Amino acid sequence: MPVNPELQGRVFPPTEPYLVGREKVREFARAVFATNPINLDPEAARAAGYDDVVAPPTFAVVVQEQTLAQLLAEPDSGIDFSRVVHGDQRFTSTRPIVAGDLLTATLTVSSVKTLGAHSMVTAESSIADAAGEHVVTAISTLVVRGED
């Protein structure tokens, strides 16, 4: 079943709020070899003007994952996850994610393209804090391989 082109423009409901934990930020920072003290040490983060440890920029994928799960679970998507390859990832930030943030994400499918037997689905997850203020937009392009 090919990817449904009518996904383009679809907006999904906001995710459940995600509370950013200090240890999650530290674990992620260590996993991506982030060495800046503000990613690991609350005192260093406070000295730099933040309330708590600062997540590396790519931490937004942790929150974005909830939105991509919505897309992949959509019955009419035509996306077979076993055929998905991650094609691209980008971020546009208004401010860093900090431990203690309560974040909600809303996914919009911005593009569905067919390239031969394959499809490319670009999804934008707009992530906002508890006040509704934009924090970061995570943009993923998924390549859905066609039948062999």
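Modeller: Before we start, contact here means heavy atoms within 4.5 Å. Helices (H or I, at least four residues) and strands (E, at least two) are DSSP runs, numbered from the N terminus. This is a predicted model, where local features need pLDDT of at least 70, side-chain atom pairs count only at pLDDT 80 or more, and totals for chains, interfaces and linings use all residues. Residues are numbered from 1 along each chain as its sequence is written, and side-chain values use heavy atoms, with hydrogens and water left out.

Biologist: Okay, helix 1 then. Which of its residues are buried?

Modeller: Buried means under 20% relative accessible area, exposed over 50%, partly exposed in between (1.4 Å probe, protein chains only). An α-helix has 3.6 residues a turn, so residues three or four places apart point the same way. Here Val25, Arg26, Phe28 and Ala29 are the buried ones in helix 1. They sit on the same side of helix 1 because they cover an arc of only 165° around the axis, taken from the directions from the helix axis to the C-beta atoms.

Biologist: And what do the buried residues of helix 1 pack against?

Modeller: Helix 2 (42-47) and helix 3.

Biologist: Where is serine 77, and is it buried or exposed?

Modeller: Serine 77 is in the loop between helix 3 and strand 2 (84-93). It counts as buried because its relative accessibility is 2%. Its side chain reaches the backbone nitrogen of isoleucine 79 at 3.1 Å. Leaving out residues up to four places away in sequence, serine 77 touches Pro2, Val3, Asn4, Leu7, Leu71 and Leu72.

Key
A polar contact is a pair of N or O atoms within 3.5 Å; within protein, one must be able to donate a hydrogen and the other to accept it, and residues adjacent in sequence count only if both atoms are side-chain atoms.
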